[in-house]
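Subject: Structure handover

Hello,

Here is the structure for you to look over. My notes on what turned up follow below it.

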Amino acid sequence: MPTRSEEMLMDLWMSLLLVWITCVPSVSMTPITGQSRSTQTGGSAAMASGLGEGQRLLSRTKRGWVWNQMFVLEEFSGPDPILVGRLHTDLDVGNKNIKYVLAGEGAGTIFAINELTGDIHAMKRLDREEKAEYTLTAQVINADTDEPLEPPSEFIIKVQDINDNPPQFLQGPYRASVAEMSAVGTSVTTVTATDADDPVYGNSAKLVYSILQGQPYFSVDPNSATIKVALNDMDREMRDEYLVVIQAKDMGGHMGGLSGTTSLTVTLIDINDNPPKFSKNLYEFVIPEDLPLGKMGGKVKANDRDYGDNAKSTYSIIEGDDQGVFEIVTDTQTQEGILKLKKPLDYETKKAYTLKVEATNILPGHSSTAHFKDTATVKIAVDDSDEPPVFSKSMYLLDVNENAPINTVIGTVNARDPDSSKNTVRYFIDRHTDLERQFNINVDDGKITLAKPLDRETDMWHNITVTATEVGNHSPISRAIVAIRVMDINDNAPEFATEYEAFLCENGKPGQVIQTISAVDKDDPVQGHYFNYRLVPEMLNNPNFTIKNNQDNSISVLAKHDTFRRQKQEMYFLPIIVTDNGHPPMSSTNTLTIRVCGCSKDGIVQSCNVEAYVLPIGLSMGALIAILACIILLLVIVVLFVTLRRHKNEPLIIKDDEDVRENIIRYDDEGGGEEDTEAFDIATLQNPDGINGYLPRKDIKPDLQFMPRAGQHSGPNATQLNGEVEQDGKEKKSNIWSTLLR
């Protein structure tokens with residue numbers, strides 16, 4: 001796998017190739033453009049021949065900048081600033097006292113310009129994802145008078161993208177669902193990733209998707225990130241959930257690309273693909289002939305492996321009930337078939353019935369040829385039995401006081417034998433309805449007594465079932481519901497509605513309300529609650545506080561004076577007795593905690609702590625915050641000062657042996673003849689002495705100031721971007737790539 005540096009080098013070469021393709025047409029057109037300009041400006045030169053040099057400058061008709069767009073590689077780091085490009089005007093022919101000025105976005109902070117040579121350097125590492133391009137303005141001014149020699153021109157520095165951001169799934173992890181038994185290729189969902197890199201330049205943001213986990217059940221489209229079903233006949237009843245891991249890789253999926261993953265949980269949605277099935281083929285029931293109409297005679301159940309509405313079935317009798325004696329209905333809660341009587345049974349007329357019952361799904365199945373139904377046989381034997389005892393009431397309502405003594409008689413139930421034999425009846429409590437065995441019943445007379453104490457605050461009602469059978473024949477059983485209501489007695493004392501904690505202001509006035517107190521009582525008297533509040537006897541002559549009845553079952557606690565001080569006592573405890581109006585009355589003692597606090601003039605509590613009261617010595621909270629803010633500001637100024645001093649000492653040049661990537665910009669509106677070919681000396685740009693000094697040598701003619709020293713030559717990067725530099729004796733020509741801004 002290529003290293004990070006190799007990837008950056010590859011991106012750099014691609015950038016250079018793009019610049020070369022852009023600049024080749026401009027190079028081929030340069031001579032023609034120069035000739036045209038010479039023809040156009042000849043008349044101007046003749047007209048200005050009798051004028052001074054300054055006057056000729058004022059009579060120039062048009063100037064313009066000619067350049068390529070400048071590029072700088074993002075995230076490029078090195079020990080020195082990066083040379084982005086070079087500005088040039090045809091005024092700079094070696095005998096002009098000019099200075100380059102740069103303005104616009106990032107000028108002076110991100111980008112710096114050499115005032116004498118026009119070299120532009122990037123001072124900071126740039127991030128294309130933060131800002132992709134910078135618009136700057138260049139201008140040439142007189143170095144002595146700061147007067148502009150040319151109108152300002154605008155140009156753009158673009159930040160070239162590198163693959164430094166991995167794909168991200170911003171909404172993950174994902175959840176989706178698809179119907180079970182879906183065909184291969186059925187779309188489940190689409191999960192897409194985002195890449196912060198440049199989608200236009202290169203393949204840094206070209207994403208390819210793949211599945212790392214979840215095969216062979218699902219697949220993903222590599223381009224659209226659509227998740228699809230990849231396996232036939234996935235059955236929810238076998239497995240209802242799958243975990244799929246999706247990967248997004250940039251660089252078109254090639255080696256060296258960055259990747260990101262996310263998870264997708266796919267849930268299979270149930271469809272009606274399973275028929276109902278009876279748990280057994282034959283059901284047998286014995287139904288007494290005196291079974292009341294509409295009462296249950298038996299239950300059947302057809303199970304369905306599906307879920308929800310797909311598992312719901314309806315039952316019907318399809319054979320064996322020509323006279324319409326029975327009906328079967330569906331219990332919506334248990335999905336059971338309940339067999340009931342529509343007509344009375346007569347043992348002497350017919351002793352047995354054989355029915356054929358069918359269970360059918362309410363919803364249709366997923367296949368039109370499938371029959372989602374099942375049948376079972378139901379055999380019913382009619383039992384000729386004695387009629388059970390009959391209760392005098394179907395339901396009894398009894399009352400008992402809470403905390404009544406054990407063995408207290410609550411009430412009596414009564415049943416008789418309707419048969420002519422008039423057998424004796426015995427009574428029993430169905431213990432399934434009295435699991436805690438709180439009640440007993442006399443088997444002979446039906447008197448219900450209390451077996452355990454009752455508490456109305458725990459259970460207000462008790463519903464039990466009493467059964468009655470005949471002596472010697474326990475088969476016929478009749479049942480009656482007995483509802484026992486527990487009556488309230490005053491057995492709970494009132495208490496404060498909550499744990500009150502009052503706050504008292506030091507600067508309060510006598511008679512101010514400190515706290516309003518109310519009470520609650522678990523009891524529920526018919527006439528309602530009425531509470532009486534009073535101080536404990538020891539506090540009747542309390543010099544600090546008193547209470548006032550608000551006539552609404554609440555009281556107000558008042559202060560008697562205004563001399564409360566935290567230094568003297570910061571907390572008071574006020575015991576209050578609360579009594580209800582029950583028989584007998586119940587009371588409890590509750591304590592109110594009162595804190596002495598410092599308050600504002602508006603009575604707003606500010607501090608209830610003695611330490612907080614004595615800590616500040618003439619300083620308010622605002623003053624302390626202001627002092628702290630000043631200290632922080634001083635620290636920030638010191639740090640900024642040290643940082644600026646450190647940045648001042650950093651060099652702004654690139655040494656001879658550094659890898660220089662340049663963009664040469666040439667100003668060439670009017671032809672300068674042979675001088676234009678010697679306007680720039682690449683070797684001079686590589687000369688540290690010339691770059692660092694920016695001062696021409698006085699012992700050399702102006703035309704020879706920028707001649708390279710013996711043995712000096714331009715760097716390899718300058719050769720790549722600026723063309724070949726040929727030196728023949730004292731003459732040196734440079735082929736400069738440029739693009740005319742139109």
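Start with Leu 355, which stands opposite Val 378 in β22. Keep in mind throughout that this is a predicted model.

**Around β22**

Strand β22 covers residues 373-383. Its pairing with β21 is antiparallel and runs over nine bridges. Besides Leu 355 and Val 378, look at Ala 359, which faces Asp 374 in β22.

β22 also pairs with β16, residues 282-288. Here the two strands run parallel, joined by seven bridges. Leu 282 has Thr 377 of β22 as its bridge partner.

Which residues of β22 make up the covered face, and which the uncovered one? The covered face holds Asp 374, Ala 376, Val 378, Ile 380 and Val 382. The uncovered face holds Lys 373, Thr 375, Thr 377, Lys 379, Ala 381 and Asp 383.

Tyr 315 sits opposite Ala 359 of β21.

**A four-stranded sheet**

An open sheet has four strands in the order β15-β17-β20-β19, with antiparallel pairing. Its edge strands are β15 (277-278) and β19 (326-330), each pairing on one side only. Inside the sheet, five bridges join β17 (residues 296-303) to β20 in the antiparallel sense. Gly 298 stands opposite Leu 339 in β20.

**Surface charge**

Asp 346, Glu 348, Asp 383 and Asp 384 form a patch of negative charge on the surface. Asp 346 is in the loop between β20 (336-341) and β21 (352-361). Its relative accessible area is 34%, so Asp 346 counts as partly exposed.

**Salt bridges**

How many salt bridges does a search of the whole structure find? The search gives 13. As background, side chains of opposite charge can pair when their charged atoms come close.

- Glu 241 with Arg 175: the closest N and O atoms are 3.2 Å apart. The pair links distant parts of the chain, with Glu 241 in β13 and Arg 175 in β8, 66 residues apart. Glu 241 is partly exposed at 40% relative accessibility. Arg 175 is exposed at 59%.
- Arg 236 with Glu 237: the closest N and O atoms are 2.9 Å apart. Arg 236 is buried, with a relative accessible area of 16%. Glu 237 is buried as well, at 16% relative accessibility. Both residues join Asp 270 in a network of salt bridges.
- Arg 426 with Asp 444: the closest N and O atoms are 3.4 Å apart. Arg 426 lies in β27 (residues 425-429) and Asp 444 in the loop between β28 (439-441) and β29 (447-450), so the pair ties together parts 18 residues apart in sequence. Arg 426 is partly exposed at 24%. Asp 444 is partly exposed too, with a relative accessible area of 49%.

Most residues other than glycine have a negative phi, and most peptide bonds are trans.

- Gly 172 to Pro 173: the peptide bond is cis, with omega near -5 degrees. Pro 173 is in the loop between β7 (153-160) and β8 (174-179).
- Gln 215 to Pro 216: this peptide bond is cis, with omega near 5 degrees. Pro 216 is in the loop between β10 (208-213) and β11 (218-220).
- Asp 233: phi is positive, near 55 degrees. The residue is in the loop between β12 (226-229) and β13 (241-249). Asp 233 is exposed, with a relative accessible area of 55%.
- Met 251: phi is positive, about 60 degrees. Met 251 is in the loop between β13 and β14 (259-269). Its relative accessible area is 22%, so Met 251 counts as partly exposed.

Best wishes

Definitions and conventions. Residues numbered from 1 in each chain as written. Predicted model: local features only at pLDDT ≥ 70, side-chain atom pairs only at ≥ 80, totals over all residues. Heavy atoms only, no water. Patch = residues over 30% accessible without salt bridge, like charges linked within 9 Å, V, L, I, M, F, W, Y side chains within 5 Å. Areas by Shrake-Rupley, 256 points an atom, 1.4 Å probe, with all protein chains shown as cover. Salt bridge = Lys/Arg side-chain N within 4 Å of Asp/Glu carboxyl O. Lys, Arg positive; Asp, Glu negative; His and termini not counted. Charge placed at Lys NZ, Arg CZ, Asp CG, Glu CD. Buried < 20%, exposed > 50% of the residue type's maximum accessible area, 1.4 Å probe, protein only. Pairing = 2+ DSSP bridges.
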